[in-house]
Amino acid sequence: MRTYWHFILVCFFFISSLSSLFAQGISMSPTRLFFYGNPGETVSLPVVLSNSSNSDYVFDVNTKDWLREEDGNKVYFEAGSLENSNAAWVSTMESSVSLPAKSNREIVVTMTIPEDASTTEVTNSMLFFTQIGKQEDFAEQQKGIGIIALFEFGLHIYCTPPNNTTKSLDIVSMEEISDENTDSVKVAIGIENDGNVVNDAQVELEFTDTDSGEDIVLNPINISMLPGAKQKVVFQLPPGIKGSYLGVAIVKMAGTNDLRVGEKTFEL
Amino acid sequence: MQTTLKYCRKKRATNIVAALTMLLFGVSKVAAQKATTTINLILADVIAIEPGSAAKGGTVDFHYENASDYNSEQTATIPNSLIITFTHPFDLKVKANGAYFENGAHQIPVNVLTISRNETSKITGNSKPIVLSTEDQVLVSGADSGSKLNLDLDYTIPQAKSSSPDMLGKPEGKYTQKVTYTVSAL
């Protein structure tokens with residue numbers, strides 16, 4: 001019984017701390033939607049927008065394509081312009097969402113997978129909720145330059161064929177990038193998603209001085225990769241690092257205990 | 001003598017209470033060790049934005065009144081431009097909704113403005129100053145997750161721009177444009 005009460009208490013504190021965390025402003029949950037379905041199927045998932053502020057907001061709903069460049073940066077394109085786009089399959093009941101003060105809205109995102117869709121390729125796009133400015137946002141000042149700041153949420157949309165279950169990343173390279181203008185040294189870890197699902201991972205890099213045994217542990221970097229994607233994860237080494245070092249890169253994939261480890265000796 | 005006794009009783013009472021409390025905690029601890037409970041923490045994947053100070057109702061103003069205004073760099077630092085809570089790593093992009101700050105038919109190109117992260121920001125990740133355009137540009141990439149991370153922004157109009165025909169010789173008035181900040185998961 002006491003354990004039960006303990007559990008209730010823990011839950012209570014946890015929930016109350018969470019609610020205070022998201023006490024103000026506008027929130028969206030989740031931030032990524034993963035659809036699973038075969039060609040010809042229609043699948044739906046909800047996303048919740050909450051407004052805990054005292055202002056009313058209106059959002060326009062729109063889609064774009066995107067791909068990730070090798071440096072990890074997402075680049076947006078017109079909806080339907082990329083090969084792996086599913087923007088045309090995505091729909092919502094509403095083309096704009098009105099979110100009055102202190103309210104929540106559940107928006108159902110529907111994925112209509114066409115009959116001729118691939119049964120092996122993961123497709124993606126991004127659904128945007130873009131704030132529409134109101135008349136009263138305009139400044140009262142009469143002269144000068146005025147900027148009206150609006151904001152926008154991007155919701156990742158992924159559609160994975162149900163038979164795709166291979167979760168795998170591969171370390172393909174470890175190389176030093178030296179910049180002639182500065183004496184700072186960077187190390188790029190080349191990673192490829194050789195599986196067939198979207199893969200989240202944390203990349204860690206550790207440098208060990210081969211003479212003194214001294215360890216340098218760098219801050220881990222998070223990545224998320226589409227199947228077939230290649231990415232260079234760049235770590236900045238501390239300034240003034242000199243000598244012979246053993247670099248060990250560890251890629252920890254989310255949702256599995258599977259690891260990828262790469263090793264290379266660097267003469268700096 | 002009476003008072004000492006009273007004091008002793010009081011002290012004993014306190015001791016008993018203390019002992020009982022300890023016992024209670026002790027027992028509950030023992031109970032907790034015996035029982036097995038699986039506690040699943042299901043963490044929601046959430047992003048929250050507070051428009052923050054939102055710069056006096058969502059706007060940032062630059063004043064150009066006299067010659068020295070045009071011949072100097074102007075920077076407006078907006079603390080807490082956005083306050084972001086994110087349970088996953090994220091990035092932040094910025095774009096102008098139009099190519100010009102507009103005042104009726106009169107226009108000033110948006111590229112007179114540079115936006116950069118002020119060092120006082122709690123939002124981590126890579127960031128470099130960007131010259132505003134209608135293209136999505138990365139303001140902060142690979143930022144770590146966190147709660148109530150403030151982003152303090154510097155809006156700068158360099159002297160090279162304010163003393164150029166982009167701005168010089170334009171009719172007096174209020175030139176405005178909307179700027180959209182986009183947040184998305186990594």
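This report walks through the pocket, the salt bridges, some chain contacts, the backbone and a surface patch of a predicted model.

## The largest pocket

Let's start with the space inside. The largest pocket holds about 1200 Å³. Its lining is made up of 35 residues, and those nearest the centre are Ile221(A), Val234(A), Asn126(B), Ser141(B) and Gly142(B). The biggest share comes from β16(A), which provides six residues.

What is the lining of the largest pocket like by class? It has 14 polar, 13 nonpolar and eight charged residues.

## Salt bridges in chain A

Side chains of opposite charge can pair when their charged atoms come close. Over all chains, the structure holds eleven salt bridges. In one of them, the side chains of Arg32(A) and Asp200(A) meet with an N to O distance of 2.5 Å. Arg32(A) sits in strand β2 (residues 32–36) of chain A and Asp200(A) in strand β13 (residues 199–209) of chain A, so this pair ties together parts that are 168 residues apart in sequence. Asp200(A), with a relative accessible area of 22%, is partly exposed.

Another pair is formed by Glu175(A) and Lys232(A), whose closest N and O atoms are 3.9 Å apart. This pair also links distant parts of the chain: Glu175(A) belongs to strand β11 (residues 170–178) of chain A and Lys232(A) to strand β16 of chain A, 57 residues apart. Glu175(A) is partly exposed at 33% relative accessible area, and Lys232(A) counts as partly exposed at 28%.

## One more pair, and a network

Arg260(A) forms a salt bridge with Asp258(A), and here the closest N and O atoms are 3.3 Å apart. Asp258(A) is partly exposed, with a relative accessible area of 33%. Which residues do salt bridges with shared partners join into one network? They are Lys64(A), Glu152(A), Lys95(B) and Asp136(B).

Next come two pairs of residues set apart along the chain. Ile132(A) lies in the loop between β9 (123–131) and β10 (144–160) of chain A. The C-alpha atoms of Ile132(A) and Phe59(A) are separated by 5.6 Å, while the two residues are 73 residues apart along the chain. Ile132(A) is partly exposed, its relative accessible area being 38%.

Phe128(A) is found in strand β9 of chain A. Between the C-alpha atoms of Phe128(A) and Thr63(A) the separation is 5.8 Å, for residues that are 65 residues apart along the chain. Phe128(A) counts as buried because its relative accessibility is 1%, under the 20% cut-off.

## Backbone details to look at

In chain A, the peptide bond from Ser29(A) to Pro30(A) is cis, with omega near -5°. Pro30(A) is in the loop between β1 (26–29) and β2 of chain A.

In chain B, which residue other than glycine has a positive phi near 55°? That is Asn80(B), located in strand β3 (residues 74–86) of chain B. Asn80(B) counts as partly exposed at 29% relative accessibility. Lys148(B), which is not a glycine either, has a positive phi of about 50°. Lys148(B) belongs to strand β10 (residues 146–157) of chain B, and at 33% relative accessibility Lys148(B) counts as partly exposed.

## A nonpolar patch on chain B

We finish at the surface. Ile39(B), Leu41(B) and Leu43(B) make a nonpolar surface patch of about 310 Å². Leu41(B) is in the loop between α1 (2–34) and β1 (47–50) of chain B. Why does Leu41(B) count as exposed? Its relative accessibility is 54%, and exposed means over 50%.

Note on methods
Residues are numbered from 1 along each chain as its sequence is written. Chains are lettered from A and ligands numbered from 1 in the order in which they are written. This is a predicted model: local features need pLDDT of at least 70, side-chain atom pairs count only at pLDDT 80 or more; totals for chains, interfaces and linings use all residues. Side-chain values use heavy atoms; hydrogens and water are left out. Patches are made of residues with over 30% relative accessible area and no salt bridge: like charges are joined within 9 Å, nonpolar side chains (Val, Leu, Ile, Met, Phe, Trp, Tyr) within 5 Å. Accessible areas come from the Shrake-Rupley method with a 1.4 Å probe; for residues, only the protein chains shown count as cover. A salt bridge is a side-chain nitrogen of Lys or Arg within 4 Å of a carboxyl oxygen of Asp or Glu. Helices (H or I, at least four residues) and strands (E, at least two) are DSSP runs, numbered from the N terminus. Buried means under 20% relative accessible area, exposed over 50%, partly exposed in between (1.4 Å probe, protein chains only). On a 1 Å grid over the protein atoms alone, a cavity is a set of points where a 1.4 Å probe fits but cannot get out, and a pocket is an open set with protein on both sides within 12 Å along at least five of seven lines; lining residues have an atom within 4 Å of a point. Grid points are joined across faces, edges and corners, and a volume is the space filled by probe spheres set on the points. Ala, Val, Leu, Ile, Met, Phe, Trp, Tyr, Cys and Pro count as nonpolar, Asp, Glu, Lys and Arg as charged, and the others, Gly among them, as polar.
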